[in-house]
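Please keep the sequence and the model in view while reading.

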Amino acid sequence: METRVKISVRALAEYAYRGGSIESGFRAATTLLDGTRAHQQLQKDYTERDRKEVHLEGRLAYEELVFELEGRCDGLLIGEDGSVTIEEIKSTAAELADIGEASHPVHWGQAMCYAYLYAANEGVPALSIRLTYVHVPSYALKRFTRRMELPELELAVRELVRAYAPFARLQLRHVAERDRSCRALAFPYDAYRPGQRKLAGAVYKSAVDGKRLFARAPTGTGKTISTIFPAAKAIGEGALDRFYYLTARTITRTAAEEALALLEAKGLHLRSATLTAKEKICFQAEMRCQKEFCEYADGYYDRINEALLDALTHETRLTRTVIETYARKHRVCPFEFSLDAAYAADAVVCDYNYVFDPRVSFKRMPEETKRRTALLVDEAHNLVDRGREMFSAELTKSPFLQLRRLWKTENVGDAAKAVNDFFVGFRKAAGAERSVVTNFYPEELIPLVARFGEEAERTLLGSRASDGEALALLLETYFAALSFLRIAERYDEAYVTYAELGKTDVRLKLFCLDPSSALRGMGKGYRSQAFFSATLSPISYYREMLGGEAEDYHVAVPSPFSKEQLEVQLLPVSTRYRDRASTKAPIADALRRLLEKRQGNALAFFPSYDYMNEVLAAYLETGTPEAHVIVQRNGMSEEEREAFLAAFQPGGARRVLAFAVMGGIFSEGVDLTLDRLGVVVVVGVGLPQVGLEREVMKAYFDRTGRNGFDFAYLYPGMTKVLQAGGRLIRTEEDRGTLLLVDDRFLQPQYHRLLPEEWKPCAVIGHASREGRSSRAYL
């Protein structure tokens, strides 16, 4: 029985013809202009006989394996005499003079595969191969041509297959064991929690049916295992080949890793890889991805195949620690190594941006692979604002002025000066205005930024300068320019342009008001997408903002906990900015009363650092604190965060009262279970601060027939309330009191957004002189 290996021509050539080094970190991201344009420019000159983007496929036996090759060649050129030429087009920002015929064997390998497939299928005894390099943006050409006969082509392709065969055998053994283990896998706990089976079933059905799913799953549902387990079962049943578990925070990535480890302990054989941000995992003190400065970049492609085979042979869970171990062992860049490992993994745990951000998303994933991949989007409420960030771009004046001074005598300095001069003129034209908002971007800026990008890319490619700070500034500004140009191409009615003008600087932003269409586009092609969160409410809002459609699946899972576990109180005082001076004392009194009457540590969330500090001062003025007070600071280090959470110990000599900021690092993804936390206070309704961006968003949604206040303020604000309040009850054993502080919680538009498990609320009044408080229920 033959063993088939299906692989794209590009993947085969890239694996077999490794070589060179990671020349510059910016090149791994993208080039300045889309290579598609260069292809289209050349293909315009094709004759009627010629064909472009030709799909080719074929089979080649090698020992016990049969390789099924497929791909799309750029050009099939037919001469007047019937001669055939296969053309492979490559766009480049490098100087054409620096490119020789043997500079890039991988390109020849890809072209020879296409030539072999065509020649073998059509019975052509010999043909020509033309490798065409297009310089971007000048569109200058450099071509190399080889004439090859079919036996010679077959021998070349066999060499590629021979190099790939050990990896193919490893993958075949792994997939067989993976599928068997997925089919046999049982739920890792003795029983499902209430609602857990419902969520798992919905995720499985969405994967099988190829649908989007929007799921509100309250705290305690066990969302991580309830999504990863059914995804693994779908792999076993042949509906999927892989899944990505996408998160916004390190702590949720850890939860996913722990779930995968648990399933492995129960018999699952699944290969997973965790991606860590480049700046966090880089081994060097200064992140400079050039072979002159980094031993892990120099010769990376000479060693990566051996490193991958080693790691994939001996490991199933490629966590950050494992990635770092093998990267050091084989002296390869840990970040690039993790990306290469991710393409071979069945499960990838990573940040949202690897899928949804057009600047850093997986570039080498074939469409066929995407069609067999599911996306599991954890804490999906975060993706709305993250989406706005991904599809927005901004430029500021000051870096261009600084670069002009650093490169006075070079072309890149002249290009930076032109951009700086534009900003100078823009500021003068605005007169006394401190901000400007328009529904279009300044088109005259685009060619200036494009030229700067071209010169910056040329400088970065050729630079061997030792001035790390100057190159770092150039690289950072280059990335900003690249992003600005790409977002300008996307610019439509969902965007505005706004400028903030200071005395010496100008900030110009292409701001994405509604990321739904862009997110839908980036998710297109994947088998299924499951968006889930405890605060995905109202689901209709998140379905719309995350690019969903009416036919998508949705599910709301009830809380697995009993109402007896949670007491909810409501103190109806105003936390509006104008009233804060008069209400900080009543809130401080309420904190003291709670500590007098309730057991356990307490965590109070506030809408801002300023208000938090005002209430803290009022609390301390009332006498000796009832508990040990700890306070969140802006910009806390990892060690400081850990110390903050470590203070919450059960049965300590003195209780803890912690002051923190709503929407901050401690209001989401933090588990203080059992007796570590007994009281949570949420001060305010979480509305984002009124500012230029929010007001522009409000106006946009009003203009497009939606409630601007709800979309720009209410829904994002109440999401922060639900996240903060959700810190209290995390397990079946937890008990506690939640105090909501704001009179707006009594208003229907706010009250209806509170989860059912928080109702009814006991409305309490101000303490009387005898220490009693009035109480009613809502």
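The points below cover the sheet, the cavities and selected backbone features.

The model is predicted, so local features need pLDDT of at least 70 and side-chain atom pairs count only at pLDDT 80 or more, while totals for chains, interfaces and linings use all residues. Residues are numbered from 1 along each chain as its sequence is written, and side-chain values use heavy atoms, with hydrogens and water left out.

**Sheet**

- Eight strands form an open sheet with parallel pairing, in the order S10-S9-S11-S8-S12-S17-S7-S18.
- Strand S10 (317–318) and strand S18 (553–556) stand at the edges with a single partner strand each, so one side of each has no neighbour in the sheet.
- Strands (E, at least two residues) and helices (H or I, at least four) are DSSP runs numbered from the N terminus, and two strands pair if DSSP finds at least two bridges between them.
- Strand S7 (residues 212–216) runs parallel to S17 and is joined to it by five bridges.
- Phe214 has Phe531 in S17 as its bridge partner.

**Cavities**

- The whole structure contains five cavities of 30 Å³ or more.
- A cavity is a set of points, on a 1 Å grid over the protein atoms alone, where a 1.4 Å probe fits but cannot get out; lining residues have an atom within 4 Å of a point.
- The largest cavity holds about 130 Å³ of space, a volume being the space filled by probe spheres set on the grid points, which are joined across faces, edges and corners.
- Its lining comprises 15 residues, and those nearest the centre are Lys278, Cys282, Cys289, Cys294 and Cys333.
- The lining of the largest cavity has 11 nonpolar residues, one polar and three charged, where Ala, Val, Leu, Ile, Met, Phe, Trp, Tyr, Cys and Pro count as nonpolar, Asp, Glu, Lys and Arg as charged, and the others, Gly among them, as polar.

**Cis peptide bonds**

- Ser537 and Pro538 are joined by a cis peptide bond with omega of about -5 degrees; Pro538 lies in the loop between strand S17 (528–533) and helix H21 (539–545).
- Lys759 and Pro760 are joined by a cis peptide bond with omega of about 0 degrees; Pro760 lies in the loop between helix H27 (748–751) and strand S25 (762–764).

- Arg331, which is not a glycine, has a positive phi of about 55 degrees and lies in the loop between helix H11 (320–330) and helix H12 (334–343).
- Arg331 has a relative accessible area of 34% and is partly exposed (buried means under 20%, exposed over 50%, partly exposed in between; 1.4 Å probe, protein chains only).
- Glu379 has a positive phi near 45 degrees, lies in the loop between strand S12 (373–377) and helix H15 (382–390), and is buried at 12% relative accessibility.

Terms used:
1 Å grid on protein atoms, 1.4 Å probe; cavity = no way out; pocket = protein on both sides within 12 Å on 5 of 7 lines; lining within 4 Å.
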